[in-house]
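Open the model in your viewer and keep the selection panel at hand. Each stop below tells you what to pick next.

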Amino acid sequence: MGDHKNLSNEEAIAKLKKLAESIRICMFCTDLSHIPFSTRPMSVQEVDESGNIWFLSGADSNKNFEIKQDEEVQLLFANPSSTDYINVFGKAFIYKDKNTIENKWSPMAKAWFSEGKDDPNLTVIRVQPNYTYYWDTKSGKMISMLKIAVGAVIGKPIDDGIEGKLSI
């Protein structure tokens, strides 16, 4: 069994930022009251100093429509190669103002928004986390794999994981 370490405030935000920005792609889930809920991969623009997670999105997307009906969302991040995982539950807010678009724009987004920052379909989504849980390893993937292998040989698990709640 791994260690349990809950983090809060600046330490929690730093952990969220490090993990979410390094994993970069999450499954962005909406319409959570219906099963199956709607899920699609989304790329994180940034995690800001308050722990908000920012995305670019099309105004005409199902995701934006579903957020307008119910702002509760779940973000699921997974990077099996580094054994980092995050589960974020929170509220989503949609922005269409030029200042927010200018601030969150990235040249890579031109692939989805051909008119760039002036694309009339471009919106920005901010997810404010209400509940966040993370899993990662203390010593990195290679050492973790060695510990698993040693554990298998000696017949005893050697868990290198650390997990906990992030209070933002």
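Select Phe55. Leaving aside neighbours within four places in sequence, Phe55 is in contact (heavy atoms within 4.5 Å) with Cys26, Phe28, Met42, Ser43, Val44, Gln45, Leu75, Thr123, Val124, Ile125 and Val127. This is a predicted model, where local features need pLDDT of at least 70, side-chain atom pairs count only at pLDDT 80 or more, and totals for chains, interfaces and linings use all residues. Residues are numbered from 1 along each chain as its sequence is written, and side-chain values use heavy atoms, without hydrogens and water.

Buried means under 20% relative accessible area, with a 1.4 Å probe and protein chains only. Helices are DSSP runs of H or I, at least four residues; strands are runs of E, at least two; both are numbered from the N terminus.

Go to Lys15, in helix 1 (residues 9–23). Is Lys15 buried or exposed? Lys15 is buried, because its relative accessible area is 17%. Beyond neighbours within four places in sequence, Lys15 is in contact with Leu7, Tyr134, Asp136 and Leu166.

Finally, zoom out. The protein chain has four helices and ten strands. Buried residues make up 41% of its 168 residues.

Definitions and conventions. Buried < 20%, exposed > 50% of the residue type's maximum accessible area, 1.4 Å probe, protein only.
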